[in-house]
Amino acid sequence: SSAASDVYKRQLFDNAFGISIAPMQEPERIILSFDPDQGQYVKTLPLHHSQQILVDCDKERRIGLRMVPTYDFVMEICSRSRYVKVLAPDHLAQQVKELLKAGYEQYN
């Protein structure tokens, strides 16, 4: 039925970012630290419906998310590289670091 299909689609995208889905992956706790300006932007326009503000001060805006870190999400983090740092999970921080390093090395 159409209603069942809609529920299934909502569940598929509920833990995703953008249009990439990973139905076999469990959502993870992701913690990001933003500089105050970019953090205000993310506070006003959340990255994901699970977003929670963990720290909100002059030096940092820290958020927590519960989602699958899809390719689209990793690219979003890389696009904000100057303004954000992945604090958890470690494997996501490492993935972002390697992508940014590879991008930087193209100019050397």
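In the predicted model, Glu-60 touches Ser-33, Phe-34, Pro-36, Val-55 and Leu-87, not counting residues up to four places away in sequence. Glu-60 is placed in the loop that lies between β2 (52-56) and β3. With a relative accessible area of 15%, Glu-60 falls under the 20% cut-off and is therefore buried. The side chain of Glu-60 is joined to that of Ser-33 by a polar contact of 2.6 Å.

Helix α2 spans residues 36-44, and its buried residues are Gln-38, Gly-39 and Val-42. Viewed down the axis of α2, these buried residues fall within an arc of 100°, so they line one face of the helix. Asp-37 and Thr-44, on the other side of α2, are exposed. The cover over the buried residues of α2 includes the strands β1 (28-34) and β3 (61-67).

Two packed helices are described by the angle between their axes and the distance between the axes. Helix α3 (residues 71-79) packs against helix α4 (residues 90-105) at an angle of about 60°, and their axes are 10 Å apart. The two helices are therefore oblique to each other. The crossing of α3 and α4 is right-handed. On the α3 side, the contact is made by Phe-73, Val-74, Met-75, Ile-77 and Cys-78. The residues of α4 that take part are Leu-92, Gln-95, Val-96, Leu-99 and Leu-100.

Terms used. Residues are numbered from 1 along each chain as its sequence is written. This is a predicted model: local features need pLDDT of at least 70, side-chain atom pairs count only at pLDDT 80 or more; totals for chains, interfaces and linings use all residues. Side-chain values use heavy atoms; hydrogens and water are left out. Buried means under 20% relative accessible area, exposed over 50%, partly exposed in between (1.4 Å probe, protein chains only). Helices (H or I, at least four residues) and strands (E, at least two) are DSSP runs, numbered from the N terminus. The arc is that of the directions from the helix axis to the C-beta atoms. Contact means heavy atoms within 4.5 Å. A polar contact is a pair of N or O atoms within 3.5 Å; within protein, one must be able to donate a hydrogen and the other to accept it, and residues adjacent in sequence count only if both atoms are side-chain atoms. Axes are lines fitted to C-alpha atoms, for helices over the stretch in contact, and angles run from 0 to 180 degrees between N-to-C directions. Angles under 35 degrees count as roughly parallel, over 145 as roughly antiparallel, 65 to 115 as roughly perpendicular and the rest as oblique. A crossing is left-handed if the near helix is turned anticlockwise from the far one by less than a right angle, and right-handed if clockwise.
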